[in-house]
Amino acid sequence: MADEVKLYGVKESQFVCIVKIALNMKEIKYQIIEEDPSNKSPDLLKYNPVHKKVPVLLHNGNPIAESLVIVEYIDDVWKGAPILPQDFYERAVVRFWAKFVDDKCIPALRVVGSNSDEKVVAKACEQLQVLENELKLKGTKFFGGNNINLIDIAAVFIAYWLRIREEAAGIKFFTEDKFPKLTKWADDFVNCQVAKNTFPPREHMLSFYNKMFGKVN
Ligand SMILES: N[C@@H](CCC(=O)N[C@@H](CS)C(=O)NCC(=O)O)C(=O)O
């Protein structure tokens, strides 16, 4: 019997996009169920009672929450393009960097715009610099080498959302000048086959952020 795969999400969410990219990497067919964050469905509350957030993946009736946990689950269950390496040490290193992106970088970047204080921007740049240095050290196209892995996927906000957010906020710090490796990585990532159909339209995101920052469209 074919697997039944449903993804509860909202189209603006980078965390939902993380799961969509992993599903694409494994060529898994799935049904997307759009949630309204201001009126969450009884299903979402049942499947993610702890955080009450999207994404939730429902695989043959079993719910899994938290984007990076879902990605690891997808990698464990389905064959196809690997998302984590096989070697235990290499797996630990990849998990370390994905956690750094999720715990440190994304929270530092997601406040920019709502609060564009010099200190906030400096903190965001500090985190980006760590990734810039790591990519330079690796000398590869992606954090995963020639292909994307869990670290690249975890950092999708930097690849797509960040520049739109900067535009809406009227600030610019994620520049080729400051971050040559990471901006090139972002361009390559958003254009790669498994990622490019997963993003919300640019204009939609721009007006979403404009509203968030109190600008009239
Ligand atoms: N750590 C979670 C974060 C998920 C998250 O923040 N989801 C947001 C959408 S981007 C959400 O559902 N927000 C609704 C709420 O906070 O009530 C993950 O990686 O899945």
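Which strands and helices do the buried residues of H1 pack against? They pack against strand S1 (5-9), strand S3 (56-59), helix H3 (67-77), helix H6 (150-154), helix H7 (156-169) and helix H9 (193-196).

Before going further, two notes on what you are viewing. The model is predicted, so local features need pLDDT of at least 70 and side-chain atom pairs count only at pLDDT 80 or more, while totals for chains, interfaces and linings use all residues. Residue numbers start from 1 along each chain as its sequence is written.

**Stop 1: helix H1**

Select residues 14-25, which form helix H1. Helices here are DSSP runs of H or I with at least four residues, strands are runs of E with at least two, and both are numbered from the N terminus. Of the 12 residues in H1, 11 are buried, meaning that 20 or more other C-beta atoms, placed from the backbone, lie within 10 Å of a residue's own; 12 or fewer makes a residue exposed, and anything in between is partly exposed. Among the buried ones are Phe 15, Ile 18, Lys 20 and Met 25. Then pick Glu 27, which follows H1 and has a positive phi near 55 degrees.

**Stop 2: the ligand shell**

Now show the residues around the ligand: Val 10, Ser 13, Phe 15, Pro 37, Lys 52, Lys 53, Val 54, Pro 55, Glu 66, Ser 67 and Leu 68. Each is included on the basis of a C-beta atom, placed from the backbone, within 6 Å of the molecule. The shell has six nonpolar, two polar and three charged residues; Ala, Val, Leu, Ile, Met, Phe, Trp, Tyr, Cys and Pro count as nonpolar, Asp, Glu, Lys and Arg as charged, and the others, Gly among them, as polar.

Zoom in on Val 54 and Pro 55, where the peptide bond is cis, with omega near 5 degrees. Pro 55 lies in the loop between helix H2 (42-47) and S3. Glu 66 counts as partly exposed because it has 19 C-beta neighbours inside 10 Å.

**Stop 3: Asn 60**

Move to the loop between S3 and strand S4 (62-65), where Asn 60 lies. Asn 60 also has a positive phi, near 45 degrees. Is Asn 60 buried or exposed? With 10 C-beta neighbours inside 10 Å, it counts as exposed.

**Stop 4: helices H4 and H5**

Select 88-110 for H4 and 118-138 for H5: their axes come within 8 Å and cross at roughly 145 degrees. The axes are lines fitted to C-alpha atoms over the stretch in contact, with angles from 0 to 180 degrees between N-to-C directions. Lys 104, Cys 105, Ala 108 and Leu 109 of H4 meet Lys 123, Ala 124, Gln 127 and Leu 131 of H5; contact here means C-beta atoms, placed from the backbone, within 7 Å.

Finish on Cys 105, which is buried, with 22 other C-beta atoms within 10 Å. Leaving aside neighbours within four places in sequence, its contacts include Phe 100, Ala 155 and Ile 158.

Terms used:
Two residues are in contact if their C-beta atoms, placed from the backbone, lie within 7 Å. The expected span of a helix is 1.5 Å times one less than its number of residues.
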